[in-house]
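This report describes one protein model, part by part. Please keep the sequence and the structure in view while reading.

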Amino acid sequence: HAGHGAAMATPRTMRAVQYDKYGGGAEGLKHVEVPVPSPKKGEVLLKMEAASINPIDWKIQKGMLRPFLPGKFPFTPVGDLAGEVVELGSGVTNFKPGDKVISISFPSGGGLAEYAVAPASLTVARPPEVSAVEGACLPAAGGSALQLLKLAGVSFDGTSGATGPKNALVTAASGGVGHYAVQLAKLAGLHVTATCGARNVDFVRGLGADEVLDYGTPEGAALRSPSSRRYDAVANCAAGVPWPALKAVLADDGGTVADVTPGVGAALTSILQKVTFAKKRLAPLMLAPRREEMEWLVGLARQGKLRTTVDSRYPLSRAQEAWAKSMEGHATGKIVVEMGGAE
């Protein structure tokens, strides 16, 4: 009988959920038994506790980033991970087996499985005050919210009071990225106007938004602040908001719209503005996860200053339902798949 502190031996095979071609949505996900991966240099192997689904996961399945992603089929999706370190790749010295961590393994994925490898450089300790479910939600959505606001000129070091943006707009404020963006903008001291669907108005107000617009109304569709404010920072978390509508509500002396769902149109608009030195700018975000930002977000969560709203949680056996729910696009907060829990 091994001592109390000894880790259980890692099995050779595990349950995982994969897709083997582009398209197919939730129906395209297959339950398989595959070998447990081995951590390479600079990687850790996690016994998974929870993973959270982001829209990018099913967009990759749809082929929106082909031919680059996925790297190969069959592919085990999802990059937001929470789990326990069970094995270290060579060169990893800052973790030990038994450590509870959160990590992001984008674009290599692997999260919809009982074990997953993650880069040690994008892995951070998970304190007991932050649950595995909450921790799995933070890396991509929390990181995107933070980088969107920074891209729009907001600073989080307490020095922006005099010079930084004052009035922020957050669109799709009840979604995974948006619900963090509202809270972070308030933490940075901004006046926040937010848009969401009618059923989520009270929820978004509860996150701290000063003004909440139902995007189904004419005022909401026009993004107009009830107190007639013009925005100098916009975290655009909604798909399909046209640039002219955003431009119309930006402050005359300039403002930046940071866009979380950049399409080709947004990229072209952004390039044109750089060429013409426009005061009103659209800045597409390509999330580049940073460990120190993840640590900062986890610290806020630990102190209760950044709350995670979980729309729904599913066991791995019901991952297809979680996937379908994300594709519907109406989740309030985050969608999570749990590995350790009851089926």
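## Basis of the model

The model is predicted: local features need pLDDT of at least 70, side-chain atom pairs count only at pLDDT 80 or more, and totals for chains, interfaces and linings use all residues. Residues are numbered from 1 along each chain as its sequence is written, and side-chain values use heavy atoms, with hydrogens and water left out.

The domain assignment gives domain 1 (13-126 + 309-338) and domain 2 (141-284). Such bounds come from an automatic or database domain assignment. The C-alpha centres of domain 1 and domain 2 are 29 Å apart. Nine residues of domain 1 contact nine residues of domain 2; contact means heavy atoms within 4.5 Å.

The size of an interface is often given as the accessible area lost when the parts come together. Here domain 1 and domain 2 bury about 630 Å² between them. Carbon and sulfur atoms carry 45% of that area. Buried area is the accessible area (1.4 Å probe) that two parts lose on being put together, summed over both. On the domain 1 side, Thr309, Thr332 and Lys334 lose the most area to domain 2. Together these three make up 56% of what that side buries.

What does the polar side of the interface hold? Five residue pairs, both at pLDDT 80 or more, are in polar contact between domain 1 and domain 2. A polar contact is a pair of N or O atoms within 3.5 Å; within protein, one must be able to donate a hydrogen and the other to accept it, and residues adjacent in sequence count only if both atoms are side-chain atoms. The side of domain 1 that touches domain 2 has one nonpolar, five polar and three charged residues. In this scheme Ala, Val, Leu, Ile, Met, Phe, Trp, Tyr, Cys and Pro count as nonpolar, Asp, Glu, Lys and Arg as charged, and the others, Gly among them, as polar. The count of salt bridges between domain 1 and domain 2 is zero.

## Helix α1

Helix α1 spans residues 55-62. Helices (H or I, at least four residues) and strands (E, at least two) are DSSP runs, numbered from the N terminus. Asp57, Trp58, Lys59, Ile60 and Gln61 of α1 are buried. Buried means under 20% relative accessible area, exposed over 50%, and partly exposed in between (1.4 Å probe, protein chains only). The cover over these buried residues includes β3 (43-53) and α9 (319-328). Gly63 follows α1, with a positive phi near 95°.

Is Ser103 buried or exposed? Ser103 counts as buried because its relative accessibility is 0%. Ser103 sits in strand β5 (residues 100-104). Its side chain makes a polar contact with the side chain of Thr123, at 2.8 Å. Beyond its neighbours within four places in sequence, Ser103 contacts residues including Leu46, Asp80, Thr123, Pro139 and Met294.

Val32 lies in strand β2 (residues 30-35). Val32 is partly exposed, at 25% relative accessible area.

## Salt bridges

The structure holds 14 salt bridges. A salt bridge is a side-chain nitrogen of Lys or Arg within 4 Å of a carboxyl oxygen of Asp or Glu. Lys186 and Asp210 form one (2.8 Å, N to O). Lys186 lies in helix α3 (residues 176-187) and Asp210 in the loop between α4 (201-206) and β10 (211-214), so the pair ties together parts 24 residues apart in sequence. Both ends are partly exposed: Lys186 at 29% and Asp210 at 37%.

Arg291 and Glu295 also pair (4.0 Å, N to O). Both lie in helix α8 (residues 291-302), four residues apart, about one turn of the helix. An α-helix has 3.6 residues a turn, so residues three or four places apart point the same way. Arg291 is partly exposed at 27%, and Glu295 is partly exposed at 43%. Arg318 and Glu321 meet in a salt bridge at 2.9 Å, N to O. Arg318 is partly exposed at 34%, and Glu321 at 37%. Salt bridges that share partners join Glu49, Glu84, Lys100 and Arg126 into one network.
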